[in-house]
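Thanks for coming. Please look at the sequence and the structure first.

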Amino acid sequence: MNRIARLLQHGLLTLVVGLSGSVVLAQSAPPAQPASLPGIQSQNVLELTSEAAQQIERDASQPANNSPVWREVNRDVEHYSSVSTPEAGVLIQSGGNDWRLFRNGVITVFGGWLLAISIFAVGLAYLLKGTIRLHDGASGKLMLRFTAMERYAHWTMAITFVILAVTGIILLWGRYFLLPILGGDAYGPLAWLLKNVHNLIGPVFTISVVVFFVLYVKDNMPTAQDLKWLTAGGKGPSHRFNGGEKLWFWFGVTALGLIVSASGWVLNSIIPGVEYFARGDMQLASVIHGVSSIVFMAMSVGHIYIGSIGMEGAYQGMSSGYVDENWGKEHHDLWYQDVKSGADHRGRLST
């Protein structure tokens, strides 16, 4: 009877350990021989690795503590998966939570304040100074400032930019100011629609930026005169474009426009020759896209203000292509002299 009891006890212990999932076949060393049992000539033996032994000990002292398992699951390491999709073996990508916290915290909070401050600054400037008027009034004589092609390129870029800005603002901040008003049933389809509009308009904006650059780059090359204009606080002689306009052209339209476009194409996954972007790449592109877009929009507030209600005669130049001669004298006197002398034939005077 003692012999049978000992056999049953040993078999039960082996079964319990096996079901716990913490026992593995020894690979690195030959199995230790167990104490001999009467009447048993040979036996298959399982040896516990150090990790498995620690797990068994932890199960006994800390029941239901699965932290080691979840630490392994939460690593950005791709394990085996029968699904062929890239990164399918990554159960939980911890970088996704970091991206979510940064997007919904740093970008939305500080980005929202940046936009609010820029709008407030423009409003304050208008209240304090109003529209910048022509000192000598309009002369009634016009001079060509922008060709039809230049205006078409500008308006294409401007319109697509506004559409992208409005849809982007709703997609980024809509849950805070629009969702409580519309409710989930209406906001969900609206967000889906705006997302697709945003994705479709994005490539058109990219093309318009490239065309705009080609048409305007010649007259936006930096000169020493631009530095003098900037250090004088926006005063002094200037050619066709002053230092502020050139700063907007190079840093705003060109640099930020291309960064926003490139990151947006990554998020759309339409980069030629690239079939798949890892989730980490998409998260980085999302951060770059969000930050650069907000800076772009904040700078554009000032540009739109000056080109519309902030300066008398400025909007006329982009709407009709012509500006008053007195406007040219006051704001771009070196360019006006070039036109008068015939050095700039594009800016011809009207007869």
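Just after H13, Gly342 takes a positive phi of about 90°. Helices here are DSSP runs of H or I with at least four residues, strands are runs of E with at least two, and both are numbered from the N terminus.

Some ground rules. This is a predicted model, so to speak of local features we need pLDDT of at least 70, side-chain atom pairs count only at pLDDT 80 or more, and totals for chains, interfaces and linings use all residues. Residues are numbered from 1 along each chain as its sequence is written, and side-chain values use heavy atoms, with hydrogens and water left out.

Back to H13, residues 333-341: Leu334, Trp335, Tyr336 and Val339 are buried there, meaning under 20% relative accessible area with a 1.4 Å probe, protein chains only. Their cover includes strand E1 (142-144), helix H8 (224-231), strand E2 (322-324) and helix H12 (325-331).

Next, the cores, that is, sets of buried Ala, Val, Leu, Ile, Met, Phe, Trp, Tyr and Cys residues joined through side-chain atoms within 4.5 Å. The largest nonpolar core has 26 residues, and Phe205, Tyr216, Ile294 and Phe296 have the most contacts inside it. H5 gives the largest share of this core, six residues. Apart from it lies another core, of nine residues, with Val339 among them.

Last, Thr131, in the loop between helix H4 (95-129) and E1. A polar atom of its side chain lies 2.7 Å from the backbone oxygen of Ile309.

Notes: Buried means under 20% relative accessible area, exposed over 50%, partly exposed in between (1.4 Å probe, protein chains only). Contact means heavy atoms within 4.5 Å. A polar contact is a pair of N or O atoms within 3.5 Å; within protein, one must be able to donate a hydrogen and the other to accept it, and residues adjacent in sequence count only if both atoms are side-chain atoms.
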